[in-house]
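Subject: Handing over the structure, with notes

Dear colleague,

I am passing this structure on to you, and it is placed just below. My notes on what was found in it follow after that.

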Amino acid sequence: MASFIQLNMLPQLNNSDFLRFTDKIRVADGCWEWQTPGDPKHYPKFKISKGKMVDAHRLSYQLFKGAIAPGQYICHHCDNRRCTNPEHLFAGTPKDNAIDAYQKGRMTPPNSRKLSEFQVAQIKKALRESKTHAAIALEFGVCRSTISNIAQARNWRGVG
Ligand SMILES: [Zn+2]
């Protein structure tokens, strides 16, 4: 039996969805900033008419670059979470993101990117101090989604 990777398939958009999506894009300094009200700490979300809410940047990646493998984050080269420019997006694990940050000279070399309980406690402390998710992600060399998950207590509930 052939083995294959189950990809997160392209969401089914109709024409009006596509127009609604592209209508919200404003180009600014090369970024395709997606205009929507809402908490700037969170990735903007788009409601597909047939169903679910999706992250705008993930949708853009799927539309312009292709399917996303399970467990992959869509990260920003430009560190602008409202940006949906596919050229600024890349799929990766938190480790890939850390290596990317390192190559751009933003941080010290990645060692083990599996967060220790101590690091998670430090991240929670930084969150309580109202540091931005982006700043914390850079500091710890992980994707911002990881920080969001910790902030929303989806992971590491018992720590810190
Ligand atoms: Zn950008």
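One place to begin is serine 130, which counts as exposed because it has 7 C-beta neighbours inside 10 Å; here a residue is called exposed if 12 or fewer other C-beta atoms lie within 10 Å of its own, buried if there are 20 or more, and partly exposed in between, with the C-beta atoms placed from the backbone. Serine 130 sits in the loop between α4 (117-128) and α5 (133-140), and although it is not a glycine, it has a positive phi of about 60 degrees. Most residues other than glycine have a negative phi.

Please keep in mind that this is a predicted model, in which local features need pLDDT of at least 70 and side-chain atom pairs count only at pLDDT 80 or more, whereas totals for chains, interfaces and linings use all residues. Residues are numbered from 1 along each chain as its sequence is written.

The chain as a whole has six helices and six strands, where helices (H or I, at least four residues) and strands (E, at least two) are DSSP runs numbered from the N terminus. Along the sequence they follow the pattern α-β-β-β-β-α-β-β-α-α-α-α. Of the 160 residues of the chain, 25% count as buried. If two residues are said to be in contact when their C-beta atoms, placed from the backbone, lie within 7 Å, then among contacts between residues at least 6 apart in sequence, 52% join residues at least 24 apart.

Helix α2 (residues 56-64) is largely enclosed by the rest of the structure, because seven of its nine residues are buried. The buried residues are Ala56, His57, Arg58, Leu59, Ser60, Tyr61 and Gln62, and what covers them includes α1 (15-23), β2 (31-34), β3 (45-47), β4 (53-55), β5 and β6. After α2 comes glycine 66, with a positive phi near 130 degrees.

Strand β2, named above as part of that cover, is joined by four bridges to β1 (residues 25-28), and the two run antiparallel; strands are taken to pair if DSSP finds at least two bridges between them. Together β1 and β2 form a hairpin with two residues between them, and in the turn aspartate 29 has a positive phi of about 55 degrees. In a regular strand the side chains alternate between the two faces of the sheet.

Isoleucine 25, in strand β1, stands opposite tryptophan 34 in β2. With 18 other C-beta atoms within 10 Å, isoleucine 25 is partly exposed, and, leaving aside its neighbours within four places in sequence, it is in contact with Trp32, Trp34 and Thr84. The C-alpha atoms of isoleucine 25 and cysteine 83 are separated by 8.5 Å, although these residues are 58 apart along the chain.

Two further places deserve a mention. Aspartate 79, in the loop between β5 (73-76) and β6 (89-92), has a positive phi of about 60 degrees although it is not a glycine, and it is partly exposed, with 17 other C-beta atoms within 10 Å. In helix α6 (residues 144-151), Arg144, Ser145, Thr146, Ile147 and Ile150 are buried, and the helix is followed by alanine 153, whose phi is positive, near 55 degrees.

With kind regards
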